[in-house]
Amino acid sequence: MYPINIDFWFIQVRGYEGHWALGILIMGFFYQKYKSLKSGYEKEWFVSAYTFAIFTGFIFARLFHYFFWETDEFLKNPLIVFNPSGGFAILGGTIGTGFGGWLYCQFTKKNFLHWCDSLMTPLTLGLCLSRFSCFLNGDAYGNPTDSIFGVVFSENSDDWMQRWNSLHGLYAYSEKPLNII
């Protein structure tokens, strides 16, 4: 996999998940706004509900990343979640967005399940594209395989190279290097 989507002259656009997520948020906003207004919700209520749900999703995505992917770093310094570098976990974002929408509907006395009907299409599309972009970026790989369905990741894949560099010393001196990877 080669995570550079556009390489033109001095411009390089890397295919990180954030680009896809931003596009899904924008498309989801307009789709859900259309569906919500058609269902009788006020425009101001929708904008507030959507903003609150997405904000909650960002918080959960950040927390899930540190809880499940960098737990040791988080336990050493819980304030690391405020560091501008680091990641977001799409599962946490999904759960947080749903929770934020539910919470806002509870505060405003609206039927969450009714409003949620318009949320499911962009949410499902967002999950699908996010996981696909993770794969294209080269950070959603599994164990080595010789299956015909196996994919070769490029050494330009940041996550693949990070893992390779951490295992290289063990791999280089082993009789069975694939067992290490």
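Modeller: A salt bridge is a side-chain nitrogen of Lys or Arg within 4 Å of a carboxyl oxygen of Asp or Glu. Keep that cut-off in mind, as this is a predicted model.

Biologist: What makes Glu42 and Lys110 a salt bridge?

Modeller: Their side chains meet at 3.7 Å, N to O. The cut-off is within 4 Å. So the pair qualifies as a salt bridge.

Biologist: Which parts does the pair tie together?

Modeller: Glu42 sits in the loop between helix 1 (17-38) and helix 2, and Lys110 in the loop between helix 4 (90-108) and helix 5 (112-116). The pair therefore ties together parts that are 68 residues apart in sequence.

Biologist: Why is Glu42 called partly exposed?

Modeller: Its relative accessible area is 40%. Buried means under 20% and exposed over 50%, with partly exposed in between. So Glu42 falls in the middle class. Lys110, at 26%, also counts as partly exposed.

Biologist: How many salt bridges does a search of the whole structure find?

Modeller: Two. One of them joins the side chains of Glu73 and Lys76, at 3.9 Å, N to O. That value is within 4 Å, so the pair counts.

Biologist: How do you know that Glu73 and Lys76 are separated by about one helical turn?

Modeller: Both lie in helix 3 (residues 71-76), three residues apart, which means about one helical turn.

Biologist: Are Glu73 and Lys76 exposed or partly exposed?

Modeller: Glu73 has a relative accessible area of 36%, so it is partly exposed. Lys76 reaches 66%. The cut-off for exposed is over 50%, so Lys76 is exposed.

Biologist: Why does Arg62 have no salt bridge?

Modeller: The nearest side chain of opposite charge, Glu70, is 7.6 Å away.

Biologist: What does Arg62 touch, beyond residues up to four places away in sequence?

Modeller: Its contacts include Ile80, Phe82, Pro84 and Phe88.

Biologist: What makes Trp9 exposed?

Modeller: Its relative accessible area is 74%. Exposed means over 50%, so Trp9 qualifies. Trp9 is found in the loop between strand 1 (4-8) and strand 2 (11-14).

Biologist: Which residues form the nonpolar patch on the surface?

Modeller: Phe8, Trp9, Phe10 and Ile11, with about 580 Å² of accessible area together.

Biologist: What is the secondary structure of the protein chain?

Modeller: Eight helices and two strands. Along the sequence, the pattern is β-β-α-α-α-α-α-α-α-α.

Methods:
Residues are numbered from 1 along each chain as its sequence is written. This is a predicted model: local features need pLDDT of at least 70, side-chain atom pairs count only at pLDDT 80 or more; totals for chains, interfaces and linings use all residues. Side-chain values use heavy atoms; hydrogens and water are left out. Helices (H or I, at least four residues) and strands (E, at least two) are DSSP runs, numbered from the N terminus. Buried means under 20% relative accessible area, exposed over 50%, partly exposed in between (1.4 Å probe, protein chains only). Lys and Arg count as positive and Asp and Glu as negative; His and the chain ends are not counted. Contact means heavy atoms within 4.5 Å. Patches are made of residues with over 30% relative accessible area and no salt bridge: like charges are joined within 9 Å, nonpolar side chains (Val, Leu, Ile, Met, Phe, Trp, Tyr) within 5 Å. Accessible areas come from the Shrake-Rupley method with a 1.4 Å probe; for residues, only the protein chains shown count as cover.
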